[in-house]
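Dear colleague,

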Amino acid sequence: MAFSVSTKASIFPTLPSNSDHGYSRKLFFSKPPSLFQPPFLNKSLKCVQSLSPDSKPSPSSSPFACSAVSFPSSAAAAAELVPARLQQLITEFGSLTEPSDRVKRLMGYAALLPPFPDASRVALNRVMGCTAQVWLETRIDEEGRMRFLVDSDSEITRGLCACLIWLLDGAAPADVLSLKTEDLAVLNFGLPGTQRSRANTWLNVLVSMQKRSKKLLAEREGKMFEPFPSLMITSDGIDAKGSYAEAQARFLFPDESKVEELVNVLKEKEIGVVAHFYMDPEVQGVLTAAQKHWPHIHISDSLVMADSAVKMAEAGCKFITVLGVDFMSENVRAILDQAGFAEVGVYRMSEDRIGCSLADAASTPAYMNYLKEASVSPPSLHVIYINTSLETKAYSHELVPTITCTSSNVVQTVLQAFAEIPDLKIWYGPDTYMGANIAKLFQQMTFMTDEEIAEMHPAHNADTIRSLLPRLHYFQDGSCIVHHLFGHEVVQKINDMYGDAFLTAHLEVPGEMFSLAMEAKRRGMGVVGSTQNILDFIKQRVQESLDRNVSDHLQFVLGTESGMVTAIVAAVRKLLGSSTTSSEKAKVKVEIVFPVSADSISQTSTRSPQGVESVQLGDIILPVIPGVASGEGCSIHGGCASCPYMKMNSLNSLLKVCHQLPDEDNIIAPYEAERFKTRTLSGKEIADVGCEPILHMRHFQAKKEMPEKLVDHILHQHGNLSS
């Protein structure tokens, strides 16, 4: 089916023909054609009546005006049809100044869609992310052109889909794939609503058309579309696809004897547990089950681990065990001391160092040299990622006024600081990817309206954003070894196979993954932020699906460390279990997809093959090997995003530490998180100076403004921490 612009700026459909030489004919319309017939080439032509904005279409008449159009006679000219038609749509809807007229025009176009087979109204054909229900079928015809059939339970949505069908049905695959969501975004239908309104529907339908077209093309060329491993969660249970997913699923239902053993020792010795989302699945499975019997177990991102430890100490816990990397246990120790709980013991889970590639990058001479440049360029503010050591925070704060941030508040922190302090320079570190992503986000904001920018931060507009870009700096040599895996190979496969899924991405991922997730976010299909942001996003979308009370299949690509899945599964199962849906047929399936990289790494074990050595990344030597070599990981082609450091926090270590407490004979002394004995260059306690940037962040979170002490420090910067 095709449309064109008439003298009254109304598009109209053309009927098909079997002629191979019909592109140069002048064509007219009589009735809506079958969407699974070749377009453009009809010989049976008939003029039809035009639809005025106030009239209503009827099943027996077409709403489009009588007109004529010439089609190109060459393949090269045919390739221009899609952009030409898009321009015609833009012209047509631009000529309708009243939003109500645009809606009426859409309603008219909705009448052109032929009936959609009832048998095809299944969850497999649903388009994710649409406010209304939308079903899409796709095939390639005998001439190699893409054929689409679409329907919706909303008339306005059907009208939007009719426009897409006119644009793309019968087009060459390359033309379908060349159309971009931003090309469609410029067309204003005048529909009311928020970001996730029906206006996003045709963007999501377009992406689904393209994803399914890629799959059909690959199958036609004999290429294998091997999916990433995934977990399918329903109210009836969990189905694992792929060896890695099967390993994850095994620990979602932990050994009850292990749960009982842990709960008993925690209660007996009054031990609290704070753990990061990235823990080993076995540990998380046991901890999640144990939470039902012992309240002093908390699993979260790094930001609130120390705060949770303080609450546990206030509730009477004598010891805190920390399942994370070393800077997390350091923060817990220092914050407990600051809160007056110096007598509460803090224990790590290994006698060896539990490192972090990102924290290590901030401990290098290169990072200190980066800050020295900042120290001689007042007024400057150092915004340091929370995932760094207390020593780094302390030494940094003595060089440059410093505030910590998280992946969920970094953008607001930077924007607020720029808004409060004239001519400020901001130096972000150590995560290079996050810094680049923030800079890219601000560059994108310069193309937004002032109203859109104000929604992100009320003190800014396009001019202020442009002015701050040259004053935003970020460290060029720091990354998380896990999020580094979300590079070109993984992004290309996500784009090809999962482009129409919900995309989640940590702010630490490389730019390609960031851009992909940001594009999805703009049409309500993605989130970029912290692990907690990702969890909240998934929960919100699942709850929305349950509220609609229709059968649905939600697919989420997990763009962060795979250990996050335990918390996701627990949250989703709780939502599905508590659903009060009135229809037994309405089943919601939630699929969590684990991206695979051929460069992924997994932890070395005593079972590893002979001759396998550790891997060196810069100055860091990791006890890890490629997933393929060890036979571990997500599939035969690589391992999933999994942090080898976090996996040093084993269940056996946790039980060993707990059973040994109180450690009167110093048997587990290497496991204890010690207080810093060294001092800063100015002679102050590491913990005192290192905690101040954290306290600055807490002030900002509570008051939504920079603390007065920090602002004064910036404005009277002399290279040393002010008293």
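The buried residues of helix 15 are L390, T392, K393, A394, S396, H397 and E398, where buried means under 20% relative accessible area, exposed over 50% and partly exposed in between, with a 1.4 Å probe and protein chains only. Because seven of the 10 residues of this helix (residues 390-399) are buried, helix 15 is largely enclosed by the rest of the structure. Its buried residues pack against helix 12 (326-338), helix 14 (365-375), strand 9 (380-385), strand 10 (402-405), helix 26 (686-703) and helix 27 (708-715), a contact being heavy atoms within 4.5 Å. Helices (H or I, at least four residues) and strands (E, at least two) are DSSP runs, numbered from the N terminus.

Please keep in mind that this is a predicted model, in which local features need pLDDT of at least 70 and side-chain atom pairs count only at pLDDT 80 or more, while totals for chains, interfaces and linings use all residues. Residues are numbered from 1 along each chain as its sequence is written, and side-chain values use heavy atoms, with hydrogens and water left out.

As for the whole protein, its secondary structure comes to 27 helices and 22 strands, and 57% of its 723 residues count as buried.

Turning to a pair of helices, the axes of helix 20 (residues 488-497) and helix 21 (residues 511-522) come within 8 Å and cross at roughly 25°, the axes being lines fitted to C-alpha atoms over the stretch in contact, with angles from 0 to 180 degrees between N-to-C directions. That makes helix 20 roughly parallel to helix 21, since angles under 35 degrees count as roughly parallel, over 145 as roughly antiparallel, 65 to 115 as roughly perpendicular and the rest as oblique. In this pair, H488, V491, I494 and N495 of helix 20 meet E512, M513 and L516 of helix 21.

The structure also holds 23 salt bridges, each being a side-chain nitrogen of Lys or Arg within 4 Å of a carboxyl oxygen of Asp or Glu. One of them joins R158 to E155, with the closest N and O atoms 3.8 Å apart; both residues lie in helix 4 (residues 155-168), three residues apart, about one turn of the helix. R158 counts as buried at 10% relative accessibility, whereas E155, at 39%, counts as partly exposed. In another, D552 pairs with R548 at 3.5 Å between the closest N and O atoms, and D552 is buried, with a relative accessible area of 4%.

With best wishes
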